[in-house]
Amino acid sequence: MNYLYGSNEPYSGLVTIEGEANTTGRGPSVWDIFTHESPERIKDHSNGDVAVDFYNRYKEDIQNVKAMGFDAFRLSISWPRVIPSGRRREGVNEEGIEFYNDVIDEF
């Protein structure tokens with residue numbers, strides 16, 4: 001049996017790491033709305049507006065993954081970044097597509 005040694009950024013396309021929640025054409029996720037409308041329901045009142053800023057730091061993060069010798073990296077897509085309204089017929093965010101292409105190309 002073969003195994004890959006890799007990095008799993010938990011829910012990497014989601015608010016847990018990406019950040020840039022209100023810019024570059026990204027629509028709000030359910031979590032964005034919840035954390036802004038009900039911050040008291042989050043223990044530390046945090047939200048995903050910045051998170052760990054993978055959106056702006058992905059090149060550095062990927063270089064770190066490579067430097068650690070990982071063979072794999074799991075990437076999730078934040079659909080509000082790609083389809084901001086949640087309805088494809090209302091348009092696709094080309095900046096979001098470009099971001100994910102850039103992340104993939106960085107590997």
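Me: Where does H2 bend, and by how much?
Reply: This is a predicted model, and in it H2 covers residues 54-67. The helix has a bend at Glu60, and the angle there is about 40°.

Me: How confident is the prediction, and where is confidence highest in the chain?
Reply: The chain has an average pLDDT of 85, with 85% of the residues scoring at least 70. Where pLDDT is low, the coordinates should not be read in detail. Strand S1 (residues 6-8) has the lowest confidence, at a mean of 66, and the highest is in H4, at 94.

Me: Which residues of H2 are buried?
Reply: In an α-helix there are 3.6 residues a turn, so residues three or four places apart point the same way. The buried residues of H2 are Phe54, Tyr55, Tyr58, Asp61, Ile62 and Val65.

Me: How many aromatic pairs are in the whole structure, and what is the angle between the planes of Phe54 and Phe99?
Reply: Searching the whole structure gives eight aromatic pairs. One of them is formed by Phe54 and Phe99, edge-to-face, with 6.4 Å centre to centre. The pair joins helix H2, which holds Phe54, to helix H4, which holds Phe99, across 45 residues of chain. Between the planes of Phe54 and Phe99 the angle is 85°.

Me: What is the centre to centre distance of the pair Tyr58 and Phe99?
Reply: Tyr58 and Phe99 also pair edge-to-face, with 90° between the planes. Tyr58 is in helix H2 and Phe99 in helix H4, 41 residues apart. From centre to centre, Tyr58 and Phe99 lie at 5.6 Å.

Me: Why does Tyr58 count as buried, and what is the relative accessible area of Phe99?
Reply: Buried means under 20% relative accessible area. Tyr58 counts as buried because its relative accessibility is 10%. Phe99 is buried too, and its relative accessible area is 4%.

Me: Which residue lies over the face of Phe99?
Reply: Phe99 belongs to a cluster of linked ring pairs, along with Phe54, Tyr55, Tyr58, Phe73, Tyr100 and Phe107. At 5.7 Å from the ring centre of Phe99, and over its face, lies Arg81.

Me: Which residues does Glu106 touch, leaving out those up to four places away in sequence?
Reply: Glu106 is in helix H4 (residues 94-106) and is partly exposed, with a relative accessible area of 22%. Its C-alpha atom is separated by 10.0 Å from that of Glu60, 46 residues apart along the chain. The residues touched by Glu106 are Tyr58, Lys59, Ile62, Gln63 and Lys66.

Me: What is the phi of Ala51, and is Ala51 in a loop or a helix?
Reply: Ala51 is not a glycine, yet its phi is positive, at about 55°. Ala51 is partly exposed, with a relative accessible area of 31%. Its place is between H1 and H2, in the loop.

Methods
Residues are numbered from 1 along each chain as its sequence is written. This is a predicted model: local features need pLDDT of at least 70, side-chain atom pairs count only at pLDDT 80 or more; totals for chains, interfaces and linings use all residues. Side-chain values use heavy atoms; hydrogens and water are left out. Helices (H or I, at least four residues) and strands (E, at least two) are DSSP runs, numbered from the N terminus. The expected span of a helix is 1.5 Å times one less than its number of residues. The bend at a residue is the angle between axes fitted to the seven residues ending there and the seven starting there. Buried means under 20% relative accessible area, exposed over 50%, partly exposed in between (1.4 Å probe, protein chains only). Contact means heavy atoms within 4.5 Å. Rings of Phe, Tyr and Trp (its six-membered ring) pair if their centres lie within 6.5 Å; planes under 30 degrees apart count as stacked, over 60 as edge-to-face and the rest as tilted. A charge sits over a ring if NZ of Lys or CZ of Arg is within 6 Å of the ring centre and within 35 degrees of the ring normal. pLDDT is the predictor's confidence in each residue, from 0 to 100.
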